[in-house]
Amino acid sequence: VLYSSAGGALVPAWLHTLCESPDTGDRLLLVADGAPLRRAELQRLDAAPLAVMRVCADGVVRSANAATYSALSLDPKRVIGHKLLSLFNTSDENKRPDGEPDERSLKNCFSDCLTKLEPVKLEISVARLTRGERESAPLLMIPDLAPDGRALGVLAVIELTLVDRVREKI
């Protein structure tokens, strides 16, 4: 079972039958809530040196760690509650030299990650987010799976740190 948290993120829960009445079929259920586990995951992700965002299946960023804001000079108000696609200069309008749509667009890669349940990596434009210090950075999207194997969304990891930006400046 999945439910939406107050912030809109999907949260897994498990229903366990403790006992069932043979006469009526009524059941006494125990609900195991996955919210505490998700909060613990977020605490671990917040300590990560790379920019990490938890993105729901609808493409909306529900949480981001501190490195996201420092490495990309972003304000939380511009990230949380916004579509991942709106944060970066990649779109389905990207064209290959032959005029065909770029199959490696962020939207297509996000969809592939959710449907194939496999990590997907691509380059994203970060020039406007790093004040021109860096043109692009690798973005790794990893399926964010519920215990039953369903995709709740993706973990979007931008392989760029504030240290990388300073090092490149030097």
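Which side chain makes a polar contact with the side chain of Asp 144? Select Asp 144 in this predicted model, and then Arg 54: their side chains make a polar contact at 2.8 Å.

**Stop 1: Asp 144.** Asp 144 sits in strand 7, which spans residues 136-145. Its relative accessible area is 6%, under the 20% limit, so Asp 144 is classed as buried. Next, show what surrounds Asp 144. With neighbours within four places in sequence left aside, Asp 144 is in contact with Arg 38, Arg 54, Arg 150, Ala 151, Leu 152, Gly 153, Val 154 and Leu 155.

**Stop 2: the cavity.** The space inside is about 40 Å³, and a search of the whole structure finds 1 cavity of 30 Å³ or more. Strand 4 provides the largest share of the lining, with 3 residues. Sorted by class, the lining has 5 nonpolar and 3 charged residues, and no polar ones.

**Stop 3: the nonpolar core.** Now select Met 53, Leu 84, Phe 88, Met 141 and Ile 158, which touch the most other members of the largest nonpolar core, a set of 28 residues. At least two core residues come from each of strand 4 (51-56), strand 5 (61-64), helix 3 (106-116), strand 6 (120-125), strand 7 and strand 8 (151-158). Helix 3 gives the most, with 5 residues.

**Stop 4: Ile 158.** Beyond four places in sequence, its contacts include Leu 50, Ala 51, Met 53, Leu 72, Phe 88 and Ile 124. Ala 137, Pro 138 and Leu 139 are also in contact with Ile 158.

Terms used: Residues numbered from 1 in each chain as written. Predicted model: local features only at pLDDT ≥ 70, side-chain atom pairs only at ≥ 80, totals over all residues. Heavy atoms only, no water. Helix = DSSP H or I, 4+ residues; strand = E, 2+ residues; numbered from the N terminus. Buried < 20%, exposed > 50% of the residue type's maximum accessible area, 1.4 Å probe, protein only. Polar contact = N/O pair within 3.5 Å; in protein donor to acceptor, adjacent residues only side chain to side chain. Contact = heavy atoms within 4.5 Å. Core = buried A, V, L, I, M, F, W, Y, C linked by side-chain atoms within 4.5 Å. 1 Å grid on protein atoms, 1.4 Å probe; cavity = no way out; pocket = protein on both sides within 12 Å on 5 of 7 lines; lining within 4 Å. Points joined across faces, edges and corners; volume = space filled by probe spheres on them. Nonpolar A, V, L, I, M, F, W, Y, C, P; charged D, E, K, R; others polar.
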